[in-house]
Amino acid sequence: MTSARHYTIGEFEISVISDGEFRLDGGAVFGIIPRIMWEPVVGQENIDEHYRIPMGLNCMVVRRNNDVLVVDTGIGAKLSGIHRERTFPGEYGHLLEELHALGIERGDVTAVANTHLHADHCGWNTMHDRDGSVIPTFPNARYFVQRGEYEAATHTNERTRGTYFAENFEPVKAAGLLDLVEGETEIISGARFLPTPGHTADHASILLQSNGETGIYTGDLVHHAVQAERPVWIAAFDVLPLVTLETKKTFVERAIRERALLISVHSAFPGVGRLTEQGGKRTFVPE
Ligand SMILES: [Zn+2]
């Protein structure tokens with residue numbers, strides 16, 4: 001278990017908490033970038049015998065006035081069998097304990113936003129009830145998802161079906177808690193979706209703006225901090241890698257210009273920092 005890290009963006013109180021950690025094939029995380037280039041960046045000590053590398057599951061809690069917004073909900077506690085052992089091996093399922101440590105219970109959360117609906121981003125959208133049925137984890141929250149992403153998640157193909165699990169979102173829809181939105185929709189005052197397509201066609205980051213300060217929860221626009229420094233380092237998971245490239249170029253310019261606080265899901269906890277540029281070289285500086 002990790003302890004929460006706290007930040008402010010204008011009037012927003014931000015806490016970054018972790019659902020845990022899992023491991024992914026390093027070659028898949030770095031796409032066309034050869035191992036000889038990514039291995040020294042990741043560090044040999046972080047690569048296991050199957051060439052898997054650690055992936056954080058950093059979730060963001062945003063508090064402002066009476067709003068409690070949770071952005072992305074980790075892998076959760078429902079996986080079993082081959083998904084638990086092969087697809088998402090790791091140690092996770094801690095989000096509720098981490099929220100509790102912040103003084104937040106399930107019923108206190110007023111809004112949930114998912115950058116996309118891959119299984120490592122919406123696992124705690126739902127949970128097992130005592131009788132084994134799957135229920136929305138946050139009964140008093142509105143859940144916000146881009147409509148196109150929901151369409152992709154409910155109309156899978158041979159490539160995408162391994163990571164879209166209906167139990168993560170259909171119980172939310174059935175309970176009438178799901179808001180399907182389009183584009184730069186506001187979630188709570190000052191927090192909105194920022195479409196960042198590429199990883200999926202309707203992938204969206206979360207943009208926070210208050211008192212002239214900017215924060216961006218990147219989602220899977222990057223899987224490792226180095227991918228913010230180097231736009232062409234793109235994961236093999238991205239369904240539209242050339243779209244990712246254009247999205248990232250725009251994103252990087254903005255992040256530097258606005259000195260945005262960046263929160264990255266899969267970087268080592270807490271995955272928070274800013275991009276700086278000096279002499280044409282970009283560096284992700286952790287905070
Ligand atoms: Zn992910």
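View 1. The model is a predicted one, in which local features need pLDDT of at least 70 and side-chain atom pairs count only at pLDDT 80 or more, while totals for chains, interfaces and linings use all residues. Residues are numbered from 1 along each chain as its sequence is written, and side-chain values use heavy atoms, with hydrogens and water left out. The protein donors of the zinc ion are Asp120 (OD), His121 (NE2), Asp220 (OD) and His266 (NE2), at 2.1 to 2.2 Å from the ion; donors are N, O and S atoms within 2.8 Å of the metal (3.2 Å for Na, K and Ca), and since water is not among the atoms, sites may look incomplete. His121 belongs to the loop between β6 (111-113) and β7 (126-128), and His266, 145 residues apart from it, to the loop between β15 and β16, so that the pair links distant parts of the chain.

**View 2. The geometry around the zinc ion is irregular, because the 4 donor atoms subtend angles of 85 to 158°.** Along the sequence, the donor residues follow the spacing D-H-x98-D-x45-H.

**View 3. Strand β9 (142-146) is mostly covered, with 4 of its 5 residues buried.** Strands are DSSP runs of E of at least two residues, and helices are runs of H or I of at least four, numbered from the N terminus. Pairing requires at least two DSSP bridges between two strands: β9 pairs in the parallel sense with β6 over 3 bridges and with β10 over 4 bridges. Ala111 has Arg142 of β9 as its bridge partner, whereas Tyr143 stands opposite Leu178 in β10.

**View 4. Tyr143 is among the residues with the most contacts inside the largest nonpolar core, which has 27 residues.** Such a core is a set of buried Ala, Val, Leu, Ile, Met, Phe, Trp, Tyr and Cys residues joined through side-chain atoms within 4.5 Å. Not counting residues up to four places away in sequence, Tyr143 touches, among others, Val112, Pro136, Phe138 and Leu177, contact meaning heavy atoms within 4.5 Å.

Conventions: Tetrahedral: all angles 85-135°; square planar, octahedral: opposite > 155°, others 65-115°. Buried < 20%, exposed > 50% of the residue type's maximum accessible area, 1.4 Å probe, protein only.
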